[in-house]
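Visitor: Let us take the labels one at a time. I want the cut-off behind each one.

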Amino acid sequence: MCYTYAMENFSEWKKDGFKGERMIVLPTESFQEYVEHPQVRRLYLTDVGFFPNAAHHYRERKAGIEEYIFFYCTEGSGTIQIGSKQYILHENDAFCIPRYAPHCYYAHPEDPWSILWVHFKGTDVCYFPLEDRNIVHFSTEHAANRMHFLFDLLFRVLDGNYTLGNFIYISQVLSLILAETYDREKKGAAYEQNRHISDVIRYMYRHIGENLTLEQISREFDLSPSYLNAIFQKYTQHAPMNFFINLKMKQACRLLRTTDLYVYEVAQSLGYTDQYYFSRIFKNTVGISPKQYKNSDYFHYKE
């Protein structure tokens, strides 16, 4: 669905001023020392607000602005236009306008949006896909509640004093908002694959003293061996059983360093009845023999 209106229709629309709105401009110019603090300069906001039921809301910036503009639509709908492309936001959609991108945005006339928004910049913006211009949808109630909670934290802290501690706190909350949007796992094929991997790895940890096979693990989770092998290679760069051996060898390293167990006892605790076979696998994985490892300061794997 696309909403298109003649630009002359916007002449009577509002730029600001909505019943129940909240808007805070942070005077970063007056607190430049805080902004340059290592924990603040990574991500810091300059403006934040909430426009509820923002009927006739319209804003146009032909040259863009130097901050990124993040929107989270809590209800209703509206349009963001960047160049010739339109992005329609509905309830629980988030979107970021890149810095310096010419744009305009406006509420739908019949179902005006309510939006939480923040202007921000910082050295860590490159770690988020802010230039991709993708709409991110929060499909669960829990995800939506987390976003409301994080914005509420911003407003609560900004209602307080302008201290370095509060600037640091705000920076951390802003980072959480972006991580919630772009990094937290979403439902879908990738989510299912990661869930399978996580479940299998937990199963491997619980059975680290056993000699599992790929077929056993596949039956346990009702997955085909080929699928299990493919997703492990994709996300861990290891075949499932090689990953399991690495877990065993890491556990062996812990036991060799933190207990008085003999090498053969460590081998037995991990399901190896042949101490010499265990030692060969350990050396191939870690780089030195178990005995050498136990009596040295060597901590690293030969991955």
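Visitor: Where does Asn53 lie?

Guide: Asn53 lies in the loop between strand 2 and strand 3 (58–61). Strands here are DSSP runs of E with at least two residues, helices are runs of H or I with at least four, and both are numbered from the N terminus. Before we go on: this is a predicted model, where local features need pLDDT of at least 70, side-chain atom pairs count only at pLDDT 80 or more, and totals for chains, interfaces and linings use all residues. Residues are numbered from 1 along each chain as its sequence is written, and side-chain values use heavy atoms, without hydrogens and water.

Visitor: What makes Asn53 worth a flag?

Guide: Its phi is positive, about 45°, and Asn53 is not a glycine. Most residues other than glycine have a negative phi. Tyr100 also has a positive phi, about 65°, without being a glycine. Tyr100 sits in the loop between strand 7 and strand 8.

Visitor: Why is Tyr100 called neither buried nor exposed?

Guide: Buried means under 20% relative accessible area, exposed means over 50%, and partly exposed is in between (1.4 Å probe, protein chains only). Tyr100 has 49% relative accessibility, so it counts as partly exposed.

Visitor: And His57: buried or exposed?

Guide: His57 has 2% relative accessibility, so it counts as buried. His57 lies in the loop between strand 2 and strand 3.

Visitor: What joins the side chains of His57 and Trp113?

Guide: A polar contact of 3.2 Å. The term asks for a pair of N or O atoms within 3.5 Å; within protein, one must be able to donate a hydrogen and the other to accept it, and residues adjacent in sequence count only if both atoms are side-chain atoms.

Visitor: How do you know that strand 2 and strand 9 pair?

Guide: Pairing needs at least two bridges found by DSSP. Strand 2 (residues 44–51) and strand 9 (residues 114–121) are joined by 7, and they run antiparallel. Val48 stands opposite Val118 in strand 9.

Visitor: What is the strand order in the open sheet?

Guide: The order is 1-2-9-4-7-10, 6 strands with antiparallel pairing. Strand 1 (22–25) and strand 10 (136–137) are called edge strands, as each pairs on one side only.

Visitor: Which strands does helix 3 touch?

Guide: Helix 3 (residues 164–182) packs on the sheet and touches strands 2, 4, 7, 9 and 10.

Visitor: What is Tyr44 in contact with, leaving aside its neighbours within four places in sequence?

Guide: Contact means heavy atoms within 4.5 Å. The partners of Tyr44 include Thr28, Val35, His119, Phe120 and Leu174. Tyr44 is found in strand 2. At 15% relative accessibility, Tyr44 counts as buried.

Visitor: What makes strand 5 a mostly covered strand?

Guide: Of the 5 residues in strand 5 (residues 78–82), 4 are buried. Strand 5 is joined to strand 6 (residues 85–89) by 5 bridges, in the antiparallel sense. Ile80 stands opposite Tyr87 in strand 6. The two strands form a hairpin with 2 residues between them, and Gly83 in the turn has a positive phi of about 65°. Strand 5 also pairs with strand 8 (residues 103–107), antiparallel, over 5 bridges. There, Thr79 stands opposite Tyr106.

Visitor: Which residues of helix 9 are buried?

Guide: They are Phe278, Ser279, Ile281, Phe282, Thr285 and Val286.

Visitor: Why are the buried residues of helix 9 said to line one face?

Guide: The arc is taken from the directions from the helix axis to the C-beta atoms. Seen down the axis of helix 9, the buried residues fall within an arc of 165°, so they line one face. The face turned away from them carries the exposed Tyr276, Arg280 and Asn284. What covers the buried residues includes helix 7 (240–258), helix 8 (263–269) and helix 10 (290–294).

Visitor: What caps the N-terminal end of helix 9?

Guide: Asp274 does: a side-chain oxygen lies 2.9 Å from the backbone nitrogen of Tyr276. Helix 9 is followed by Gly287, with a positive phi near 115°.

Technical notes. Axes fitted to C-alpha atoms, helices over the stretch in contact; angles between N-to-C directions.
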